[in-house]
Amino acid sequence: MRYLTSGETHGEALVAIIEGLPSNLFIDVDFINNELKRRQSGYGRGGRMSIESDAVHILGGVRNNLTIGAPLSILIRNLDYENWKGKDVPRVTRPRPGHADLSGAIKYDLKDMRDVLERASARETAARVSVGAVAKLLLKNFGIVVKSDILEIGGEKDKEKWPALIDEVKNEGDTLGGVIEITIDGVPIGLGSHVQWDRKLDALLSYSVMSVQAIKGVEIGMGFMAAKQKGSSVHDEIFYDGHFYRKTNNAGGIEGGISNGMPIVLRAYMKPIPTLRKPLSSVDIDSKEEVKATYERSDVTAVEAAAVVLEAVCAWTIADEVTKKFGGDSLQDMVENFNMYMKRIEKY
C-alpha cells in the first residue's frame with residue numbers, strides 16, 4: 001500500500017489518497033472523525049483548535065461504505081481558510097530556529113518562508129491521522145490494536161503535575177516536548193524480514209515515527225538502556241509450553257527485523273514546538289540583520305496530539321506489512337490467508 005497527502009495549513013483543504021486497499025473493507029467515517037477529534041484534543045493546544053472541527057469527506061474508492069479496490073480519496077476542509085482567503089498576508093522573512101523555514105526557503109529558492117511553513121506545519125498530520133484511521137479499520141479484522149500512552153511532558157512523569165507545568169511554561173512564552181509510548185498488540189510472528197535492510201520491521205516503524213513533525217528520537221523495547229546492560233540482562237529467554245513464549249519483552253516484539261509475537265513497544269521523543277511566543281534570536285533573510293524569529297499562532301505543547309499521530313503512522317506501517325504478507329484483492333482473501341498462516345505456525 002502507499003499514500004500521499006497534499007495541502008497547506010491555511011489552504012482550502014488537506015487531501016489524502018490511499019492506494020492498495022483490499023475491496024470490501026468497511027469505512028467507518030464516524031471512527032475516522034473521532035480519530036481526528038482525538039488529534040485536536042489535549043491540554044496546551046493553541047487557538048487553531050477552537051476554529052477547526054475536522055471531518056473527512058470521502059471523494060472516491062468507496063461505495064455503500066465499502067472499499068471497491070480503487071484508490072481511496074479523502075478530503076479534510078480547513079475552516080480557517082475563510083479567515084485567510086483574499087487577505088494580503090505579509091511575507092515571512094525571519095526564520096524560526098528548529099523549524100524548516102530557513103533550510104526550506106534556501107532549498108526551494110523561495111523568497112517568502114510562508115511557502116515553507118504552510119506545508120511543514122503539523123496541520124498536515126490531520127491527513128495522516130485519517131489515513132492511519134483507515135489502517136486501524138483494516139487491522140481490526142486481524143485482531144491488531146494500536147494504542148498510545150504519554151510517559152513524560154517536559155521531563156515530568158507525574159501526570160497530575162502536567163497542567164500546572166504547561167500553564168507555567170505558557171506564561172513564560174515557552175514550549176514543551178515529551179515522551180510517547182506506542183504499543184501494538186496482536187501482531188503475529190512473521191511481519192517484516194531479516195533478508196534485506198529495507199524490509200526490517202523495526203527500521204520501517206522507526207522511519208514512520210521519525211517522519212512525524214518534532215520527533216527527534218525513537219527506541220524499541222529496552223532501547224537506549226540496552227547499550228548500558230550486559231547481554232544476559234537484555235535478551236529475552238525463550239520457553240516452550242505447547243507454543244514458544246518469552247517471560248520478558250526487552251526486544252519490544254521485534255527480533256532480527258521480524259515480529260516475534262510479543263507486543264510491539266516503541267517510544268518516541270518529541271522536541272518542544274519551535275514556535276515560541278517569546279521568540280528566539282534569528283536573522284532576517286532580506287536585511288541579514290539580527291532579529292527575533294517570527295511568531296505564528298501555536299501550541300504550548302502538542303504531545304497528546306502527537307500520540308494520536310504516532311498511532312496513525314504505526315498503524316499504517318503494520319497494515320502495509322499485513323497486506324504484503326497476507327495480501328489479496330479482497331478483504332476476504334486476506335483473512336483466509338491470515339487464518340491459514342496462523343494454523344500453519346501453530347505446528348511449531
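**An aromatic pair**

Author: Phe142 is buried, with a relative accessibility of 6%; buried means under 20% relative accessible area, exposed over 50%, and partly exposed in between, for a 1.4 Å probe and protein chains only. The model is predicted, so local features need pLDDT of at least 70 and side-chain atom pairs count only at pLDDT 80 or more, while totals for chains, interfaces and linings use all residues. Residues are numbered from 1 along each chain as its sequence is written, and side-chain values use heavy atoms, with hydrogens and water left out.

A pair of aromatic rings is described by the distance of the centres and the angle of the planes. Rings of Phe, Tyr and Trp (its six-membered ring) pair if their centres lie within 6.5 Å; planes under 30 degrees apart count as stacked, over 60 as edge-to-face and the rest as tilted. The whole structure holds seven aromatic pairs. One of them joins Phe142 to Phe338, edge-to-face, at 5.1 Å centre to centre and with 70° between the planes. This pair links distant parts of the chain, 196 residues apart: Phe142 is in the loop between helix 5 (125-140) and strand 7 (145-153), and Phe338 is in helix 9 (residues 331-345). Helices (H or I, at least four residues) and strands (E, at least two) are DSSP runs, numbered from the N terminus.

Phe338 is also buried, at 11% relative accessibility. Ring pairs link Phe142 and Phe338 with Phe326 and Tyr341 into a cluster.
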